[in-house]
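Subject: Handing over the structure

Dear colleague,

Please find below the structure that I promised to pass on. My notes on what was found in it follow directly after.

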Amino acid sequence: VSRVAIVGAGHAGGRVAQHLRAMGHDGPIALIGDEAHVPYERPALSKELLLGRTSPDDLALTPHTFWTRGSGNAGVERHHARAQRLIAAERRLLLDNGVELEFDQLIIATGGAARRFALEGAELPGVVYLRTIDDSLALKEALRSAQSLAIIGAGVIGMEVAASASELGVSVTVLEAGDRVMARSVPPVVSEWIAALHRAHGVAIETGVRVEAISRGTGGRALSVLASREGCTSEINVDLVLIAVGIECDLTFLDGTGIAGAAGVPVDAYCRSPAAPWCYAAGDVASTFNTHYGRNVRLETWRNAENQARAVAEFILGRTDPYVEIPWMWTDQFGHNIQVVGLPDTGDTAIVRGNADLGPATVVLLRDGRVTGGVMIDQGRDRRYLEALLGRAPKVPLEQLADPAMPLKGMV
Ligand code: FAD
């Protein structure tokens, strides 16, 4: 009977444990996590939880009773600790509470922490990050009394919080170093649509700005953000600053094992580390060889955590076909639902079906006549057709592809 250790008790880690039990694995499972909560899903942290439309308990992956079954072979042995060191040659894990665990298979599902920004003043009270339930509850509380919020970084989380805070009546300024919002997730035409949506709701968005420092504010505001653009500096006084500049994976516990890569844990299409055949990775931390793209891809999305966790449980129990994830994510902002299929940076042509100014619309991304992905604005029903078209040439001329009256379904 094999002993499984899972490092990271978040979305992917929790799901691996659940699937292993559901699929009949009856060996011991140790789940190591440094958060006090039972494994939970994060998407609501920047949306429904801030808006008071859901509660922390609703975010749990599975009812608490699953985790309280104890550590027998039906249950899961939970360790509230941080993995500190892996001794690969002995398959032994040292935790920061002094516990040592031996295992046969190891799953790394440590996700990422909000990237810290080396910025003068970033440690002042009122400067916050968002990754965990605790972060979200603290931000929610702070927003109750704040009148103004500056958000550094116009990625998905920055823009979601901008929408939520604005809906709560807070005046929001987004400061982005790049030239458009959500540049890593959507093509330029959709960035424009999202920026316009925010501006229509009163959110100020400034792109091409460098945040230089944060200091104590003036005029009754707690904080002052010093930013510069093309040599001109300006100061914005606000009550609260959110730094949302992506995530970073802390894999120091793997030092010396050859398992960690430059960013994340590289694994093959079977989610297995080339450095250690007993070691798997799942979720945000996994840089997985994707046969669809012919290269390693690291996805920071809910569906990847969900699907890859299941795949890892299956691989441990003998699955032989590779894991191939078609990238998919969604975001909700100001009542609009935006979904992205594929990797947005792989296309060179964007065909807008519908009215991208007002939505609903589907933007199809192509390269050399083949579909590389797309974005749906309030048009989620196109998802399965876009997924089916991925990597293929649509069976119609481009003019017809642009005509929203021609269903995508017929082009597959
Ligand atoms: P996590 O869920 O982060 O779990 C990793 C866990 O490991 C954490 O609890 C961490 O503390 C713990 N850990 C790390 N290192 C150690 C260690 N050494 N020892 C012990 N424990 C450790 N995706 C979408 O597709 N759509 C969305 O709308 C969306 N919204 C999001 C909103 C927010 C605010 C956030 C933060 C994420 C959102 N995501 C969204 C992304 C999605 O939540 C993640 O992709 C998903 O949580 C990844 O799961 P994971 O298990 O890899 O990482």
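Two strands are said to pair if DSSP finds at least two bridges between them, where strands (E, at least two residues) and helices (H or I, at least four) are DSSP runs numbered from the N terminus. This is a predicted model, in which local features need pLDDT of at least 70 and side-chain atom pairs count only at pLDDT 80 or more, while totals for chains, interfaces and linings use all residues. Residues are numbered from 1 along each chain as its sequence is written.

I begin with strand S1 (residues 4-7), which pairs in the parallel sense with strand S7 (residues 105-108) over 4 bridges and, again in the parallel sense over 4 bridges, with strand S2 (residues 29-33). Ala5 has a bridge partner in each of these strands, namely Leu106 in S7 and Ala30 in S2. A residue counts as buried if 20 or more other C-beta atoms lie within 10 Å of its own, as exposed if 12 or fewer do, and as partly exposed in between, with C-beta atoms placed from the backbone.

Turning to the chain as a whole, the protein has 8 helices and 27 strands. Its radius of gyration (taken over C-alpha atoms) is 22 Å, close to the 22 Å that the globule rule gives for 412 residues, so the chain is as compact as a globular protein of that length; the rule itself is 2.2 Å times the number of residues to the power 0.38. Of the 412 residues, 46% count as buried. Two residues are in contact if their C-beta atoms, placed from the backbone, lie within 7 Å, and among contacts between residues at least 6 apart in sequence, 59% join residues at least 24 apart.

The chain is divided into domain 1 (4-112 + 249-316), domain 2 (127-243) and domain 3 (335-411), with bounds that come from an automatic or database domain assignment. The centres of domain 1 and domain 3, taken over C-alpha atoms, are separated by 33 Å. Separately, an unreviewed UniProt entry carries the annotation "domain: FAD/NAD(P)-binding" for residues 3-309; such annotations may be inferred rather than shown by experiment, their positions are given in the numbering used here, and feature names are shortened. Over residues 3-309 the chain is 20% helix and 30% strand.

There is also an open sheet of 3 strands, in the order S13-S14-S15 with antiparallel pairing. Strand S13 (210-216) and strand S15 (232-238) stand at the edges with a single partner strand each, so one side of each is left without a neighbour in the sheet. S13 pairs with strand S14 (residues 223-229) over 6 bridges, and Ser215 stands opposite Ser224 in S14.

Two single residues complete these notes. Val267, found in strand S18 (residues 265-267), is buried, with 27 other C-beta atoms within 10 Å, and among the residues it touches, not counting those up to four places away in sequence, are Arg272, Tyr280 and Thr288. Asp403, in the segment after helix H8 (398-401), is exposed, with 12 other C-beta atoms within 10 Å; Asp403 and Gly354 are 49 residues apart in sequence and 7.4 Å apart in space, C-alpha to C-alpha.
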